[in-house]
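Hi everyone, thanks for coming. I'd like to walk you through one structure today, so please have a look at the screen.

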Amino acid sequence: MYKFILDSDALIKLTKAGLLEYVCRHYNCIITTEVKNETVDEGKKRLHQDALKIEYLINKKSLKIKDPKKSRKTKENLGKGEMSTASLYFEEKNSVIVTDDSSFIKYLEENDIKFSILADLVLLMKVANKIDRKTALIYLEKMKDFIKKEVYLDVKKEIMED
């Protein structure tokens, strides 16, 4: 089973698209305490509805919190959430980081860290027969405002061809 380590960016966007609960139901999803602080604790202070949904999934144990034993050095332009996520990746076997943050993606590529972008999760669920074509297109459409236009078009084309 896939083990996804989500950063704050992915967590918030998946929640806004209505997809987080579904992803957590079918895959092993993990966040760090730093990511929880950014999305839930800070989000609740700012009255963001997605914070409550994320907290619900944590309380339900659908979304697990796990912290790395050893933290990587902080990098310029990356926050504590991204660095804790990257650190946890090296401790969790068979894991993939989920993010759409371009600065973080650049760091992941430079360090040969496996990652997936949000739109690819929709495609993965379609290919794995977790959702049908119509449902995949609905979720992709809900993500449209959060992802790059060319990514949206590429994934839509792949969903249609499959």
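Predicted model: local features only at pLDDT ≥ 70, side-chain atom pairs only at ≥ 80, totals over all residues.

How are the rings of Phe 104 and Tyr 107 arranged? They form an aromatic pair that is stacked, at 6.3 Å centre to centre and with 15° between the planes. The structure holds 4 aromatic pairs, and Phe 104 with Tyr 107 is one of them.

Are these two residues buried or exposed? Phe 104 has a relative accessible area of 0%, so it is buried. Tyr 107 comes out at 7% relative accessibility, and because buried means under 20%, Tyr 107 counts as buried too.

Now for the nonpolar interior. In soluble globular proteins, nonpolar side chains tend to be buried together. Here, the largest nonpolar core has 41 residues, and the ones with the most contacts inside it are Phe 4, Leu 6, Leu 19 and Leu 63. Which helix gives this core its largest share? That is helix 7 (residues 118-127), with 7 residues.

Let me pick out Leu 19. Leaving aside residues up to four places away in sequence, Leu 19 touches Leu 14, Val 122, Met 125, Tyr 139 and Met 143. There is also a second, separate core of 12 residues, and among its members are Ile 5, Ile 30, Tyr 89 and Ile 113.

Over to helix 8 (residues 133-143), where you can find Ile 138. With 40% relative accessibility, Ile 138 counts as partly exposed, because that class runs between 20% and 50%. Ile 138 and Val 122 are 16 residues apart along the chain, and their C-alpha atoms are separated by 9.7 Å.

Last stop, a helix pair. Two packed helices are described by the angle between their axes and the distance between the axes. For helix 3 (residues 33-45) and helix 5 (residues 80-89), the axes come within 8 Å and cross at roughly 145°. The crossing is left-handed.

Which residues make the contact? Helix 3 brings Glu 34, Val 35 and Glu 38, while helix 5 brings Lys 80, Gly 81, Ser 84 and Thr 85. Sorted by class, the contact of helix 3 with helix 5 has 1 nonpolar, 3 polar and 3 charged residues.

That's my tour, and I'm happy to take questions.

Terms used. Residues numbered from 1 in each chain as written. Heavy atoms only, no water. Axes fitted to C-alpha atoms, helices over the stretch in contact; angles between N-to-C directions. Helix = DSSP H or I, 4+ residues; strand = E, 2+ residues; numbered from the N terminus. Left-handed = near helix turned anticlockwise from the far one by under 90°. Contact = heavy atoms within 4.5 Å. Nonpolar A, V, L, I, M, F, W, Y, C, P; charged D, E, K, R; others polar. Core = buried A, V, L, I, M, F, W, Y, C linked by side-chain atoms within 4.5 Å. Buried < 20%, exposed > 50% of the residue type's maximum accessible area, 1.4 Å probe, protein only. Phe/Tyr/Trp six-rings, centres within 6.5 Å; stacked < 30°, edge-to-face > 60°.
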